[in-house]
Amino acid sequence: MNPTSSHNPASSHNPAHAAIEPKVFIVDDDPAIRKSMTMVLQAHGLATADFASGEEFLVAYQSNQPGCIVLDLRMPGMTGEELLKTLRQGGANIHVIILTGHGDVPLAVRTMKLGLHDFLQKPVDTQILIDTVKQALKQDAQRCADESDKKSLLQRMSKLTPRERELLSMLAAGKTSKEIASALNVSVKTVDNHRAHLLSKLDASNVAELVALAVRAGMG
């Protein structure tokens, strides 16, 4: 992280754990706001890192880092909206909370289309800030878990043979063993054997679970 970043010392004694620990990124050009937010968030046991600009944040940020961003909307250089657009265009789905002044509310509402978690008006009530950040972290943790599950599923899918993938697609389409056997010009027993291999390879307990996995992998 950049030299101005701060963190929770109590949560970083284990390097292996720190690498995956959720972090609250504070991006605001006002040093007083960065300092006060850092103190509040760390007092509630949250790891933080703060940046004076969107440009600084982009240099330090790694897309596999879980957490959330508390982002000032109006900053010199790259604005909060521009940073959010850059993140989304780069495929980063991290949860973002926008900080805005009263006159920026229409603009903040517009950023909702960019997948904004929420927006808070300045000055921010401490409890509202903490509650919103914790909710964002919880949802981001679920997002990370879902992405990890899908990555694992796709890895298992990549080990299927072309015939097994074809069979899985047909199962996902709701075809019976008899219909699949006819379409592939094989016996029903052969289809059943392939299905058994599918169940084993994908660690599924039944056909319904196979179909659910196929849908999650984009085959349904």
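Visitor: Which residues does D140 touch, not counting residues up to four places away in sequence?

Guide: D140 touches P66, G67, N93, I94 and H95, where a contact means heavy atoms within 4.5 Å. Before we go on, this is a predicted model, so local features need pLDDT of at least 70 and side-chain atom pairs count only at pLDDT 80 or more, while totals for chains, interfaces and linings use all residues. Residues are numbered from 1 along each chain as its sequence is written, and side-chain values use heavy atoms, with hydrogens and water left out.

Visitor: Thanks! Where is D140, and is it buried or exposed?

Guide: You'll find D140 in helix α6, residues 126-157. Helices (H or I, at least four residues) and strands (E, at least two) are DSSP runs, numbered from the N terminus. D140 is buried, at a relative accessible area of 1%. Buried means under 20% relative accessible area, exposed over 50%, and partly exposed in between, using a 1.4 Å probe and protein chains only.

Visitor: What does the side chain of D140 make a polar contact with?

Guide: Its partner is the side chain of H95, at 3.4 Å. A polar contact is a pair of N or O atoms within 3.5 Å; within protein, one must be able to donate a hydrogen and the other to accept it, and residues adjacent in sequence count only if both atoms are side-chain atoms.

Visitor: Let's zoom out. How many helices and strands are there?

Guide: There are 10 helices and five strands. The radius of gyration is 23 Å, well over the 17 Å that the globule rule gives for 220 residues, so the protein is more spread out than a compact globule. That radius is taken over C-alpha atoms, and the globule rule is 2.2 Å times the number of residues to the power 0.38.

Visitor: What does the C-alpha trace span along its principal axes?

Guide: About 75 × 40 × 30 Å. Of the 220 residues, 40% are buried.

Visitor: Now helix α8. Which of its residues are buried?

Guide: In α8, residues 177-184, the buried ones are S177, I180, A181 and L184. They cover an arc of only 100° around the axis, which puts them on the same side of α8. The arc is that of the directions from the helix axis to the C-beta atoms.

Visitor: And what do those buried residues pack against?

Guide: They pack against α7 (162-172) and α9 (188-201). The face turned away from the buried side of α8 carries the exposed residues K178, S182 and A183.

Visitor: You mentioned peptide bonds. What is the one from K122 to P123 like?

Guide: The peptide bond from K122 to P123 is cis, with omega near -10°. P123 is in the loop between β5 (118-121) and α6.

Visitor: One last stop: where is M78, and what is it in contact with?

Guide: M78 is in the loop between β3 (67-72) and α4 (80-89). Leaving aside neighbours within four places in sequence, M78 is in contact with G54, E55, L58, L83 and T86. M78 and E55 are 23 residues apart along the chain, with their C-alpha atoms separated by 6.7 Å. M78 is buried, with a relative accessible area of 15%.
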